[in-house]
Amino acid sequence: MQNLNKNVLAAAISLSSVFSALVHAQESEVETGVFDEIIITSSRIETPLRQTATSVSVITAEQIKARGSLSLIDVLRALPSISVSNSGGAGKTTTLRIRGEEGFRTITLLDGLKLSDPSITQVQPQLEHTLSTGVERVEVLRGPQGFNYGADAGGIISISTQPGSAGVHSQLDAQSGSFGTQQVATNISGGTETADVFISGARYTTAGFNIQTADTVLADKDGYENTSLHSRIGLNVTDQLRVDLVHREVSGKSEFDGCFDPASFGTAYDCDSDYDQQASRLAARYQSNGIAHQLAWSNTRTDRENFALGESSFTSRGELERLEYLGNIARIDGMNLVYGVDSEEENNNGDTRRQTGYYLEYLSNFSQNFFITAGVRQDDNDDFGTHTSYRITSAWIADLQQHGSVKLRGNYGTGFRAPSLYEGAYNSGPWASPPASLSSLVEETSTGYEAAVEYFSPQDLRFELVYFNQTVSNAIYFDLATYSGYLQDIGESESEGIELSASLPLTEHVSLTTNYTWNDARRPDGQQRQRRPKDLGNVSLSYRSADDRLSLYAFYRTSRRAVDQLGSMIFDLDNYHVIDLSGSYRFSDRIELYARIENVQDAGFEEVIGYNNARRAAYIGARVNL
C-alpha cells in the first residue's frame with residue numbers, strides 16, 4: 001500500500017507538470033471569473049477558489065439556517081470526511097474528526113480566536129458548547145495542510161460571524177421542541193464607513209434524555225444549558241489601517257452519567273459538569289501598496305469543574321495566550337509571499353510551556369491556469385526542541401469554454417505535535433501505573449498528501465473526487481486496556497480514503513448536494529482505529545418557491561463500519577441512517593416561521609459504546625427582524 005501511495009502522488013505531480021506546459025496556449029481563452037466568487041483562507045489570505053490546491057469545504061449562513069441545528073457540530077456533520085462521536089446529546093462530550101484524525105489535531109478559529117482548550121487532556125476545541133447562532137460562514141480545510149496555522153494542524157475549522165453592514169439590523173430567534181428544548185437568540189449588527197459592530201447572544205436549555213444505557217438505577221434525564229455571548233467591533237482608522245476587537249463568553253452546564261463516587265469510587269449516575277470560557281482577540285491590519293501587515297494578540301481562559309452526587313470531584317483551569325504577526329507581499333509580479341511568526345503559551349493548572357513558530361509561503365501568480373505554492377515552517381518548543389515542517393501544492397485548470405472547467409490538483413505536507421502538558425503530567429502523577437508511568441512521551445510527527453480532480457459547469461454543477469493519505473508516527477493514546485495512562489503507538493498510524501462530492505440544480509427551484517467518504521484508518525498493527533466509520537454519506541435535497549417565501553429541505557446521513565473499545569474488548573458500533581426534514585415560510589421581510597423533524601424514522605444507535613442517541617424530535621420556531 002505504501003508503494004501504491006507513492007506512485008499515486010508521483011503520478012499526480014507528473015500529471016500537473018505535463019499539463020503546465022499547456023498553460024500559455026490556453027490563457028487567452030480563460031474566463032477568470034469561473035471560480036472567483038468563492039473566497040477561502042487556505043493560506044491565511046483571501047484566495048480565489050480557482051487558485052487553491054487544498055481541499056476546502058464551505059458552509060454558508062443560508063445552509064446553516066436550512067439545516068436548523070442549534071449545535072454547530074451537527075451542521076458540520078454534513079461535510080465530507082467529518083465524523084462525530086457524541087456521548088448522549090446536546091452539551092455532552094463530543095469529538096469531531098476530519099479524515100479519521102483525532103479531534104485534538106484540528107484547530108478551530110472563531111473570528112480569528114483560537115478555541116483550543118488547554119484545561120482538558122489534549123488541548124482541543126470543545127465544539128459541543130458552540131452554537132450555530134450568528135454564524136455567517138464556516139470554512140473547513142480538510143487534512144494536515146494548515147501549516148501556517150500551526151505545525152500540529154490536522155485540519156482547520158474557520159468560523160466567521162455575521163459582518164456589520166450599513167445601518168442597524170437586529171433579529172430575534174426563538175424556538176421550542178422535544179426533550180424540553182428551548183432557545184432564544186438575538187443578533188444585532190450595524191455599521192458606517194468608519195466602524196461596524198456585531199453582537200450575538202443565545203440562551204439554550206434542554207431537559208435531555210437518559211444518555212447512558214447502564215443507567216438503570218436513576219434512569220433520569222440528563223439535561224444541558226448554554227449561555228453564549230459574542231461581540232465583534234471593527235474600526236477603520238484610515239483607508240489603510242483597520243482594528244478589530246473580538247470578545248466571547250460561553251457558559252455550559254451539563255448533566256451526565258458514569259462518573260465516580262468520590263467516597264466509594266463506584267460508578268455514579270448523578271453527575272454534573274460546568275464549563276466556562278472567556279476569550280478575547282485584538283488585531284490591527286495595515287495595508288498599502290500591495291503589502292499587508294497584521295498583528296494580533298489573543299487570550300483564552302477556560303475553567304471546568306465536575307460534580308459527583310453533588311460534590312466537587314474534579315477541577316481544571318487552562319489558559320492560552322497567543323501573539324501573532326502575518327505579512328503578505330502581493331505587489332511582486334507573478335507571486336505572492338505570505339510570512340509570519342506566532343508565539344503561544346499554554347497553561348494547564350499552573351504548568352506552562354511556550355512554542356514559537358516562523359513560516360514563509362510562496363504563492364504563484366504568473367498564470368491563470370497553473371498555480372503552485374511552497375511553504376516552510378520552523379517551531380521551537382520549550383520541552384521538545386526545534387522542528388521543521390513544510391507544504392507543497394499544485395493546481396492546473398483546463399477551461400472548456402461553454403462546457404465548464406476541470407481542475408487537477410495535489411499537495412503534500414508535514415507536521416508535528418508535542419505531547420500536551422496534561423499527558424506528561426498524568427504519566428508522572430499518582431494515578432499512572434506501568435507501563436505508562438515508565439514511558440517517556442515523545443513528539444508525534446505527521447505527513448499527508450492528496451490528489452484530486454474537480455469539475456465546474458456553467459449550469460452550477462460541481463463534482464469533486466479526492467484521494468488522500470496521511471500518517472501519524474508515535475501517535476499518543478490513552479491506555480483503555482489497563483487505564484495505566486498515556487502510551488504511544490510505535491510506528492505509523494495511517495488514514496487513507498476517497499472523498500466523492502457533487503452538487504447540481506435539478507430544476508430552477510430544486511437542487512441536490514451529496515457526498516460520500518470511504519476512510520480506512522488503522523493503527524501500526526493493522527487494527528482499525530476506534531470511532532472512525534469506514535463509510536460516511538450525506539444527501540441534501542432543497543426546494544425554494546418562485547416567490548422565495550417557502551423553503552423545504554430533506555437531509556439524509558449514514559455512518560457504517562465503525563468500532564469502539566471498552567477495556568480490552570473491541571465492539572462493532574451500530575450502522576445507522578438518519579433523515580431530517582425542515583422547512584420555513586417567510587410571511588414578510590420581518591417575520592419567518594420554521595419547523596424541523598430530526599431522526600424522522602426514530603433510529604436508535606450508539607456513536608460511543610454505551611451511550612444513547614437522541615431519538616425522533618420535532619421543533620418549531622420564529623425569526624423576527626426588528
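**Overall dimensions and a nonpolar surface patch**

The model is predicted: local features need a pLDDT of at least 70, side-chain atom pairs count only at pLDDT 80 or more, and totals for chains, interfaces and linings use all residues. Residues are numbered from 1 along each chain as its sequence is written, and side-chain values use heavy atoms, with hydrogens and water left out.

The average pLDDT (the predictor's confidence in each residue, from 0 to 100) of the protein chain is 90, and 94% of the residues score at least 70. Over residues 1-34, the pLDDT is below 50.

Along its principal axes, the C-alpha trace spans about 75 × 60 × 50 Å. The protein chain contains 5 helices and 37 strands, defined as DSSP runs of H or I with at least four residues and of E with at least two, numbered from the N terminus.

On the surface, Y543, L550, L552, Y585, F587, I591 and L593 form a nonpolar patch with about 580 Å² of accessible area together. Strands β32 (550-560) and β36 (591-598) each supply at least two residues of this patch. Y543 lies in strand β31 (residues 535-544) and counts as partly exposed because its relative accessibility is 32%.

How values were computed. Contact = heavy atoms within 4.5 Å. Patch = residues over 30% accessible without salt bridge, like charges linked within 9 Å, V, L, I, M, F, W, Y side chains within 5 Å. Areas by Shrake-Rupley, 256 points an atom, 1.4 Å probe, with all protein chains shown as cover. Salt bridge = Lys/Arg side-chain N within 4 Å of Asp/Glu carboxyl O. Buried < 20%, exposed > 50% of the residue type's maximum accessible area, 1.4 Å probe, protein only.
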